[in-house]
Amino acid sequence: MNKAKEISNRDGKAFLCSALAAEQEVIKVKLKLSSASITHDGVMGDVNEQHFIAFLRKSLPHRYAVNSAIVIDSNGKTSDQIDIVIYDNQYTPTLLDQHEHRFVPVEAVYAIFEVKPIINKTYVDYAGNKAASVRILERTSISIVHAGGEFPPKPLFPIISGIIAADVEWVNGFSSPA
């Protein structure tokens, strides 16, 4: 019997924790490699975004798409460029795609994230402004007509936003200063 199977049989929770910790270590190594080998900050940022996008694509159900994008509303107003957008591509396709550039209708967006090398006040403020550029867009919802009648408009759900980084500038993370 292999080692992973032994741990799984003996303590499934420990196995799961160990497997998820290993996934985390893989991402940390990839981020460390990009920091050590890519000499252009913009390119390093793009590469790191792709590491997180690949992880999220692997981890989420396939009905959710994960890409960098600009979010657009039905009036044609757009957000800033967003590093990671998690959206429903099953019922709401993207618009005007050109290679890696796409517009995602705001009604399809579940979550947005900014990827930064470190979490600090400057980047938290920056990510907050990016989130605001999405949240000010007008979201719509209409009735859905079907063979048996009509479903009422779906209620709008909150769009989750956040910042993803490999490190935190504060010595004690988000706890009070030392």
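1. Relative accessible area is classed here as buried under 20%, exposed over 50% and partly exposed in between, with a 1.4 Å probe and protein chains only. The model is predicted: local features need pLDDT of at least 70, side-chain atom pairs count only at pLDDT 80 or more, and totals for chains, interfaces and linings use all residues. Residues are numbered from 1 along each chain as its sequence is written, and side-chain values use heavy atoms, with hydrogens and water left out.

2. A salt bridge requires a side-chain nitrogen of Lys or Arg within 4 Å of a carboxyl oxygen of Asp or Glu. By this rule the count is five. One of them joins Arg63 to Asp88, with the closest N and O atoms 2.2 Å apart. Arg63 lies in the loop between helix 3 (41-59) and strand 1 (64-72) and Asp88 in strand 2 (residues 78-88), so the pair ties together parts that are 25 residues apart in sequence. Helices (H or I, at least four residues) and strands (E, at least two) are DSSP runs, numbered from the N terminus. Arg63 is partly exposed at 31% relative accessibility, whereas Asp88 is buried at 6%.

3. A salt bridge also connects Lys130 and Glu114, at 3.7 Å from N to O. This pair links distant parts of the chain, with Lys130 in helix 4 (residues 121-135) and Glu114 in strand 5 (residues 109-115), 16 residues apart. Lys130 is buried at 7% relative accessibility, and Glu114 is buried at 2%.

4. Within helix 4, Lys121 and Asp125 lie four residues apart, about one turn of the helix. Their side chains form a salt bridge of 2.7 Å, N to O. Lys121 is exposed at 55% relative accessibility; Asp125 is partly exposed at 37%.

5. Grid points are joined across faces, edges and corners, and a volume is the space filled by probe spheres set on the points. The structure holds one cavity of 30 Å³ or more, and the largest cavity has a volume of about 30 Å³. Its lining includes Glu114 and Lys130, together with Ile82, Phe113 and Ser161 among others. Strand 5, helix 4 and strand 8 (160-164) each give two or more residues to this lining.

6. Of its 15 lining residues, Thr92, Glu107, Thr140, Ser141 and Lys154 lie nearest the centre.

7. Rings of Phe, Tyr and Trp (its six-membered ring) pair if their centres lie within 6.5 Å; planes under 30 degrees apart count as stacked, over 60 as edge-to-face and the rest as tilted. The structure holds two aromatic pairs. Tyr64 and Tyr110 are edge-to-face, at 5.2 Å centre to centre and 80 degrees between the planes. This pair joins strand 1 to strand 5, across 46 residues. Tyr110 is partly exposed at 24% relative accessible area. Tyr110 and Phe157 are stacked, at 4.8 Å and 15 degrees.

Note on methods: 1 Å grid on protein atoms, 1.4 Å probe; cavity = no way out; pocket = protein on both sides within 12 Å on 5 of 7 lines; lining within 4 Å.
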